[in-house]
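Q: I'd like to learn how to read a few features of a protein model with a ligand in it. Can we take them one at a time?

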Amino acid sequence: MARDVAAIFSEVLGPGAVIAEEAGMAGYLTDWSGDHRGIAAAVLRPGSIEQVSSVVQLCQQHGLAIVPQGGNTGLVAGGIDRQGGRAVVVSLERMNRIRAVDPVDFILRADAGCTLQAIKDASEAADCLFPLALGAQGSCRIGGNAATNAGGVNVLRYGMARDLILGLEVVLPDGQVWNGFSGLRKDNRGYDLKQIFIGSEGTLGIVTGVELKLFPRPTTVETAYLGVASFADAMRLFALARRACSDLMTAFEVIGAECIDLARLIHPDLHVPVEAPVHILMEVSSSGPIDIRSMVETFLAGAVEEGLVSDAVLAESQSQARALWSIREGLVEGQARRGYHVRTDVSVPLSSISPFVDEARAIIAADFAGWLPQAYGHAGDGNVHFNVLPPLGLDDAEARATGKSIEMALFSLVDRFGGSISAEHGIGRSKRDVFWATAAPVHKRLMRSLKAALDPQGLMNPGCLLPVEDAG
Ligand SMILES: Cc1cc2nc3c(=O)[nH]c(=O)nc-3n(C[C@H](O)[C@H](O)[C@H](O)COP(=O)(O)OP(=O)(O)OC[C@H]3O[C@@H](n4cnc5c(N)ncnc54)[C@H](O)[C@@H]3O)c2cc1C
């Protein structure tokens with residue numbers, strides 16, 4: 001069948017843009033974590049909006065489902081189909097042109113297949129900042145960032161992808177192109193249609209272009225690495241820092257000390273400048289003539305005097321700041337190297353972070369002997385990655401079965417705290433059933449109505465976000 005499907009698209013795309021043999025498709029069908037593997041009838045790599053539109057129309061005619069894919073760094077199997085093999089992956093990787101950067105209007109327009117790093121570099125070259133920042137930025141693509149409403153380390157000051165997108169260009173499930181670029185910051189002409197596609201995880205259309213908000217490039221950045229006694233103290237410090245640093249804080253990452261060993265798996269010579277139960281990586285930045293160095297120093301001196309901070313290091317150079325960030329980035333890579341583990345991405349109200357982490361740790365200690373909790377995250381946004389590593393040497397199948405029970409225990413705790421099971425990674429296929437089982441009936445009805453209105457044949461990414469039977 002793969003060869004038949006390839007023939008359908010080869011004429012429109014040219015043979016080099018259609019991959020149908022197993023070896024060539026393998027990289028597109030395994031996600032970054034290696035946890036999710038999928039199947040597809042073919043991988044298609046269109047190079048223009050017209051080609052995307054033709055691909056969608058051909059899929060309609062031949063009853064083929066479409067799985068849009070950017071950098072394949074999503075962690076919830078949204079871009080990996082595991083069902084029938086009657087789906088094609090549509091990779092946007094060849095559509096990677098920065099279309100325009102305007103430092104007067106503070107707007108950047110680009111193809112959806114540009115990596116986030118390329119967008120950030122193009123903004124910087126125009127003395128601007130595109131603030132979305134995440135560990136996968138060298139690989140994830142801006143269309144994927146839009147489709148997942150990505151967050152990252154700077155949400156605190158600049159918001160999520162949703163807040164940074166001015167307009168989208170989307171190929172709809174019937175092949176029509178919707179151009180939602182306006183160049184306007186204020187535009188109240190009815191429904192804000194782009195918001196329907198942001199966070200829709202490829203279930204309503206294929207994003208082919210983005211119009212993004214830029215900001216002045218910060219000229220001064222202060223990076224501090226701090227030690228505190230507990231998550232409770234970390235959150236007290238956060239509340240003080242927001243006020244004391246004139247709301248100029250761009251990152252406030254909290255790291256349980258247990259995670260440091262994971263970073264050392266990646267950087268064996270890692271220098272960690274504090275010894276404390278909980279570490280904080282904090283960044284404050286400004287683009288104007290403000291002396292943020294003395295502002296941060298005054299804040300830290302006060303926090304040390306109050307006994308909130310036990311240890312503090314303020315980076316003296318950009319390379320020292322980068323070394324501090326490598327602790328945070330290394331621990332994520334180290335976890336992946338450790339192999340299968342329970343990975344969560346939850347949010348709770350800021351005031352509940354500390355009791356949530358305490359209770360989650362207590363549940364693991366009481367009910368899952370030998371499993372190792374790792375708590376870290378963008379805590380300034382109420383977002384905690386409470387991950388749990390299986391005991392070394394545990395059989396993989398047994399680990400995955402127990403991991404499911406741990407996940408359910410953590411999700412019911414999240415529910416008790418009024419939180420969300422997905423702060424930023426999305427629902428995809430791996431959280432679909434628990435999301436669908438807990439969503440309110442009216443919420444589900446609205447989702448089904450939207451899906452049926454835009455994609456009545458249910459061809460867009462079936463099984464992602466909505467169960468297949470609800471997707472048309
Ligand atoms: C090391 C690491 C760190 C990470 N840190 C963060 C973080 O801090 N914050 C965060 O939010 N996420 C984070 N992630 C998750 C991931 O990087 C983001 O979800 C990212 O936005 C996904 O982009 P992508 O291009 O890789 O999308 P993919 O993985 O290719 O796809 C993700 C979903 O979007 C859909 N999609 C992709 N492209 C399009 C398109 N053009 N049109 C329509 N639908 C599309 C897919 O069908 C799928 O459902 C991290 C991942 C890794 C590996």
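Q: Let's start with Arg343. Is Arg343 buried or exposed?

A: Keep in mind that this is a predicted model. To judge burial, you look at relative accessible area, and under 20% counts as buried. Arg343 comes out at 16%, so this residue is buried.

Q: Where does Arg343 lie?

A: You'll find Arg343 in a loop, the one between α12 (318-338) and β16 (346-347).

Q: And what does Arg343 touch?

A: Leaving aside residues up to four places away in sequence, Arg343 touches Ser33, Asp35, Leu75, Asn387 and Glu407.

Q: On to the rings. How many aromatic pairs does a search of the whole structure find?

A: The search turns up six aromatic pairs. For the geometry of a pair, you check the distance between ring centres and the angle between planes, and an angle over 60 degrees counts as edge-to-face. Take Phe356 and Phe386: their ring centres are 6.4 Å apart and the planes sit at 80°, so this pair is edge-to-face.

Q: Which parts does that pair tie together?

A: Phe356 belongs to helix α13 (residues 353-367) and Phe386 to strand β18 (residues 383-389), so the pair ties together parts 30 residues apart in sequence. Both ends are covered up: Phe356 is buried at 1% relative accessible area, and Phe386 is buried at 0%.

Q: Which residues do ring pairs link into a cluster?

A: Phe356 and Phe386 are joined by Phe417, and ring pairs link these residues into a cluster.

Q: Now the ligand. How many residues surround the ligand, and which are the closest?

A: The ligand has 34 residues around it, with Pro68, Gly70, Gly71, Thr73 and Gly74 the closest. By type, the shell splits into 12 nonpolar, 19 polar and three charged residues.

Q: Which element gives the largest share of the shell around the ligand?

A: That's α5, with five residues. At least two shell residues each come from β3 (65-69), α5 (142-148) and β10 (206-213).

Q: What lies 2.9 Å from an oxygen atom of the ligand?

A: For polar contacts, you look at pairs of N or O atoms within 3.5 Å. Here a side-chain N or O atom of Asn145 is 2.9 Å from a ligand oxygen. On the nitrogen side, a ligand nitrogen is 3.3 Å from a polar backbone atom of Gly152, and a backbone N or O atom of Val207 lies 2.9 Å from a nitrogen atom of the ligand.

Q: How much of the ligand's accessible area does the protein cover?

A: On its own the ligand has 970 Å² of accessible area, and the protein covers 95% of that.

Conventions: Residues numbered from 1 in each chain as written. Predicted model: local features only at pLDDT ≥ 70, side-chain atom pairs only at ≥ 80, totals over all residues. Heavy atoms only, no water. Phe/Tyr/Trp six-rings, centres within 6.5 Å; stacked < 30°, edge-to-face > 60°. Helix = DSSP H or I, 4+ residues; strand = E, 2+ residues; numbered from the N terminus. Buried < 20%, exposed > 50% of the residue type's maximum accessible area, 1.4 Å probe, protein only. Near = heavy atom within 4 Å. Polar contact = N/O pair within 3.5 Å; in protein donor to acceptor, adjacent residues only side chain to side chain. Areas by Shrake-Rupley, 256 points an atom, 1.4 Å probe, with all protein chains shown as cover. Nonpolar A, V, L, I, M, F, W, Y, C, P; charged D, E, K, R; others polar. Contact = heavy atoms within 4.5 Å.
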